[in-house]
Amino acid sequence: MAIAKLARKVKRPYGLWVKMTAVTMLGLCFIFVWGVFSNSSSSITTQRESFEDIIEPSSSSSTSSKGVQTQTQLPHKKEETKAEEKQNFGGVSNKEKDVLGEDEKKGNSSATVPPEHDKGVAPHKRVHKNDRDKDKVRANEVSESDGNDESEDKEEKEESEGELEGEKEGSDRDGEVGVDFEMDDGGDSGLAESLDQDSKLFEDGGVGTSKGQFKGPLFDPNASYKWKSCSTRSKHNYIPCIDIEAGGGKVQSYRHTERSCPRAPVMCLVPLPHGGYGYSQPWPESKSKILFKNVAHPRLAAYMKKHSWLVESGEYLTFPQNQSEFKGGIQHYLESIEEMVPDIEWGKNIRVVLEIGCSDSSFVAALLDRDVLTLTLGLKHDLVDLAQVALERGFPAVVSPFGRRRLPFPSQAFDAIHCGGCSIPWHSNGGKLLFEMNRILRPSGYFIMSTKHDSIEEEEAMTSLTASICWNVLAHKSDDVGEVGVKIYQKPEGNEIYELRRKKIPPLCKESENPDAAWYVRMKSCLHSIPIGIEQHGAEWPEQWPKRLESYPDWISSKEKLVADMNHWNAVVNRSYLNGLGINWPSIRNVMDMKTIYGGFAAALSRSQPNVWVMNVVPVHAPDTLPIIFERGLIGVYHDWCESFGTYPRTYDLLHADHLFSRLKNSIHIKRKIIIN
């Protein structure tokens, strides 16, 4: 009877709604029954699929977690492989930023991890929907707590990218785009771009443990690696980050206008010259002759036909002492400078000099005989590769573009700067190139410029520019013998003269501008204030050489550490390096200290091996101690060892690395965590 009454009601006008209600109730009952009687293992499998990339728990529960993994294998092989790769590289996906294992924390002790990151997923614990919702809420809370920092980093990155001038070299790419980013003063805003393709390197050589602990970019000893030769336009002289990797024949220059590293790591070997590479001539014989095949270059052969200071003699390239780019001889040129400014005493108050551009290196060689350490800046326009000839002869040199970014030196570094036969348009681009010289020149330091062909327009522009930055013209002389005009400028020693200018152009830089920030930092159209306090480096002229090497200025706060560093390296060099390593020191000339602190290794080596010069490298992510190195009368540069160094292949006879690769591995690990998180 009840069913018959229900059928009659269904036939009524509102029977359709009753039908829909009944179907809905039946569906809900079916879902409930299915959920109650379904297999529990499938539920766990579903949860593990949604948390496939979670790093395994700490070692205390590793045994039980293995049991769960055995029972809950993922159905898709690709997802399983992807999860394993993420564990090997120490990475986590965006959905799992709130879960980090204990091993990840140990791998990056300096990284700040929220408390929620310490919690892993307990084994044999079923995860229900409510738990997943809590995890999502927790992840949102963590992301909100870091929201301000991430937005600031994003704004910083966009600001730095907005400053890029993004020049493209038409035919300078072969399917790859160079990373060309700018960093604010000392910041890490371009960090992500510089490591955007590190994953390829880590996939080839990354090694992880069963717990997902990151070990760094180590090579697998059981794997086989095949290294191919680099196929580039510059061939055996290829300098990554400076040379264009590939391009058409219509492009005359094979170098970037600014430092630009390829996105993918350079995983090829620079080939040897066609005739092979012979042993370098020992010092001091290398000053007068070198093996021609070591520096053979098509443009060099054409260059030699027009210049007499280098002559091909059999298998050697010789450098006659009576021949120089300076007519009348280099000794006459130096004597003229001393007569013009008697305060210039080579090898005493003038110890560290920067040579802009590279020609015959006679200026560098002559000053070296007077205990002056001169660093040559080989410019990108040097397509003859004369800087390579200078390095092969045993003279210090680096290769760097010189256009829009600062040079890799601290402020107030050089006692004098020399530009011989200078053809650089200092007045162009608002005078930024000369402002950069003002930054790295020591207060009361000297800027020596010689030109062969003076232009009235350029002379007037240079006069106006030097007057705007308050450089004093100490002497101006036209040498009839040398057929050059020599001008010697001096940087002011105080800030009072800046306030006396009628036009405050260029203006003084803001106090927040770091004058020592140089790595991927754009040149500024302002003048940094001259240091005046004894606690600032550059405020006082250093002691005369060689007392300068062991003097401790008042602005150095860590004198005890400097003394300890000096004593340490004196003991290591004298007791171990000189006699215990089997190194033939008479054959060593060009040396690099890849991670120096106070220049202790270079100082100790210079005392026992006076024929050796050392390029001190201070990593950009290490404490900035490069001003101390220049203060001691030594030379050095800033550099990031995640990129190629700015020099030619086969430059150095000996590389010294003290705690470099372990720190570098940890640095890469931290950077990757910053990028991922």
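This is a predicted model: local features need pLDDT of at least 70, side-chain atom pairs count only at pLDDT 80 or more; totals for chains, interfaces and linings use all residues.
Q: How many helices and strands does the secondary structure of the chain come to?
A: The chain has 677 residues, of which 46% count as buried, and it exposes about 35100 Å², with carbon and sulfur atoms supplying 53% of that area. Among contacts with a separation of 6 or more, residues 24 or more positions apart account for 69%. The secondary structure of this chain comes to 21 helices and 18 strands.

Q: What distance does helix α16 reach from its first C-alpha to its last?
A: Helix α16 covers residues 456-468, which makes 13 residues. At 1.5 Å a residue the expected span is 18 Å, and the helix comes close to that expectation, with a reach from first to last C-alpha of 18 Å.

Q: Within what arc do the buried residues of α16 fall, seen down its axis?
A: The buried residues of α16 are M462, L465, T466 and S468. An α-helix has 3.6 residues a turn, so residues three or four places apart point the same way. The buried residues of α16 line one face of the helix, because, seen down the axis, they fall within an arc of 150 degrees.

Q: Which elements do the buried residues of α16 pack against?
A: The face of α16 turned away from its buried side carries the exposed residues I456 and E460, and just after the helix C470 takes a positive phi of about 65 degrees. On the buried side, the residues of α16 pack against α15 (432-440), β12 (441-451) and β14 (484-490).

Q: Which residues make the nonpolar surface patch of about 540 Å²?
A: One of its members, I31, is found in helix α2, residues 15-37. I31 has a relative accessible area of 58%, and because exposed means over 50%, I31 counts as exposed. The patch of about 540 Å² is made by L28, F30, I31 and W34.

Q: How many residues apart are K287 and D369, which form a salt bridge?
A: The closest N and O atoms of K287 and D369 are 3.3 Å apart. K287 is partly exposed at 22% relative accessible area, whereas D369 counts as exposed at 55%. K287 sits in the loop between β4 (268-269) and β5 (289-291) and D369 in the loop between α13 (362-368) and β9 (373-378), and this link between distant parts of the chain joins residues that are 82 residues apart.

Q: Which residues are linked with D415 in a network of salt bridges?
A: D415 also forms a salt bridge with R548, the closest N and O atoms being 2.8 Å apart. D415 lies in strand β11 and R548 in the loop between α17 (496-499) and α18 (559-577), so the pair ties together parts that are 133 residues apart in sequence. R548 is buried, with a relative accessible area of 1%. The structure holds nine salt bridges, and the network links D415 with R442, R548 and E631.

Definitions and conventions: Residues are numbered from 1 along each chain as its sequence is written. Side-chain values use heavy atoms; hydrogens and water are left out. Helices (H or I, at least four residues) and strands (E, at least two) are DSSP runs, numbered from the N terminus. The expected span of a helix is 1.5 Å times one less than its number of residues. Buried means under 20% relative accessible area, exposed over 50%, partly exposed in between (1.4 Å probe, protein chains only). The arc is that of the directions from the helix axis to the C-beta atoms. Contact means heavy atoms within 4.5 Å. Patches are made of residues with over 30% relative accessible area and no salt bridge: like charges are joined within 9 Å, nonpolar side chains (Val, Leu, Ile, Met, Phe, Trp, Tyr) within 5 Å. Accessible areas come from the Shrake-Rupley method with a 1.4 Å probe; for residues, only the protein chains shown count as cover. A salt bridge is a side-chain nitrogen of Lys or Arg within 4 Å of a carboxyl oxygen of Asp or Glu.
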